[in-house]
Amino acid sequence: MKTIIVSSDFSEEAKNATLYAIQIAKKAGSKLVLFHLHILSIHAVQARLPYKNILQSIDYAKTKTENRVKKLSETYDVEIIVDFAMGDYFKQLERVIQEHHADLIVMGMHTKTIEGDLLGSTTSEAINKIEIPILAVPLKTQYKSIDRILFACDLEKGIAQNILKEIKKTTKKFNAELRVFHVENKISELKSNIEILKPLEEVSYYYKNVQSEAVIDEIRNEMLEYKPDVLIMVPYEHGFWSSLIHKSKTRIMSSGLDIPLLSIHG
């Protein structure tokens, strides 16, 4: 990975994700960009301040952001580029991805709540909207190393070649061990599943297939047993009506985890 973008609003989750991204960037030798979207305070909008005063408040916020990032750069001895933006979050995020040719976004993962499950979060929304891989980092997770990677997949829906190539590249980059985990209602032929995973041949991986209808529970059980450093999942799209009542497994897993979740689009 050549360029990593960490999206930060300087919340506790974002601060922790930034520290995680710094360590990944140093390990992988990647360029690191901190993306911050500034939002005018409701008080400034309601007060109808003169344009000059609004510009001053924006300049102050930008300087404050740059100083925060400068301190991080000095503390961890790593170069961090600041991208200070305003406007629509996802439009600006797409812009910074294109401008910096990014191949990974790192975001904080909020603690699981009922409200979060019902309304989602910026991170879970990004997982569905952004095409490049997103690494969602839980608040209490600290980077130590990436030695074990668990890829929880749905072979019945197929896996695009570019996904397997991205997983292979990530596994090799960190010299990690890979476990491919598949949950399905009925056990399919091992031969056909191994054929799908053929692009992974250059890395050492272990394939495990479990028969169950409780997919999320089985993934959580596998995480407890295997103790991976990163969980990889693929977000699948749903139709409009089904999306109102059906949350993807990736989105469900993007809250309440205690390890980073890497989502890769097909």
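The model is predicted.

**Entry: strands**

I looked up the handedness of the unit made by β1, α1 and β2, and this β-α-β unit is right-handed. Strand β1 covers residues 3-7 and pairs with β2 in the parallel sense, over five bridges. In this pairing I noted Ser7, which stands opposite Phe35 in β2.

I then followed β2 to its pairing with β3. The two strands run parallel and are joined by six bridges. Here Leu37 has Ala85 in β3 as its bridge partner.

I also checked how covered β2 is. The strand spans residues 31-37, and six of its seven residues are buried.

**Entry: salt bridges**

How many salt bridges does the count come to? I have ten.

Glu12 and Lys15 form a salt bridge, with 3.6 Å between the closest N and O atoms. Both sit in helix α1 (residues 12-28), and because they are three residues apart there, about one helical turn separates them. Lys15 is partly exposed, at a relative accessible area of 38%.

Asp83 and Arg95 meet through their side chains in a salt bridge of 2.7 Å, N to O. This pair links distant parts of the chain: Asp83 belongs to strand β3 (residues 80-85) and Arg95 to helix α4 (residues 89-100), twelve residues apart. I looked up the accessibility of each partner. Asp83 counts as buried at 7%, while Arg95 counts as partly exposed at 24%.

Glu202 and Lys168 also meet in a salt bridge, at 3.7 Å, N to O. They too link distant parts of the chain, 34 residues apart, with Glu202 in the loop between α8 (190-196) and β8 (205-211) and Lys168 in helix α7 (residues 161-173). Is Glu202 buried or exposed? At 57% relative accessibility Glu202 counts as exposed. Lys168, at 17%, counts as buried, since the cut-off for buried is under 20%.

**Entry: positive phi**

Most residues other than glycine have a negative phi. I therefore wrote down two exceptions with their places, citing the general rule above.

Asp77 has a positive phi, near 55°, and is not a glycine. I found Asp77 in the loop between α3 (51-76) and β3. Its relative accessibility is 68%, so Asp77 counts as exposed.

Asn175, also not a glycine, has a positive phi of about 50°. Its place is the loop between α7 and β7 (177-184). Asn175 is exposed, with a relative accessible area of 71%.

**Entry: cavity**

I searched the whole structure for cavities of 30 Å³ or more and found one. About 140 Å³ of space lies in the largest cavity. Which residues of its lining are closest to the centre? Of the 14 lining residues, they are Met1, Leu104, Thr170, Phe174 and Leu262. I sorted the lining by residue type and got eleven nonpolar, one polar and two charged.

Technical notes
Residues numbered from 1 in each chain as written. Predicted model: local features only at pLDDT ≥ 70, side-chain atom pairs only at ≥ 80, totals over all residues. Heavy atoms only, no water. 1 Å grid on protein atoms, 1.4 Å probe; cavity = no way out; pocket = protein on both sides within 12 Å on 5 of 7 lines; lining within 4 Å. Points joined across faces, edges and corners; volume = space filled by probe spheres on them. Nonpolar A, V, L, I, M, F, W, Y, C, P; charged D, E, K, R; others polar. Salt bridge = Lys/Arg side-chain N within 4 Å of Asp/Glu carboxyl O. Helix = DSSP H or I, 4+ residues; strand = E, 2+ residues; numbered from the N terminus. Buried < 20%, exposed > 50% of the residue type's maximum accessible area, 1.4 Å probe, protein only. Pairing = 2+ DSSP bridges. Right-handed = clockwise from strand over helix to strand, strands pointing away.
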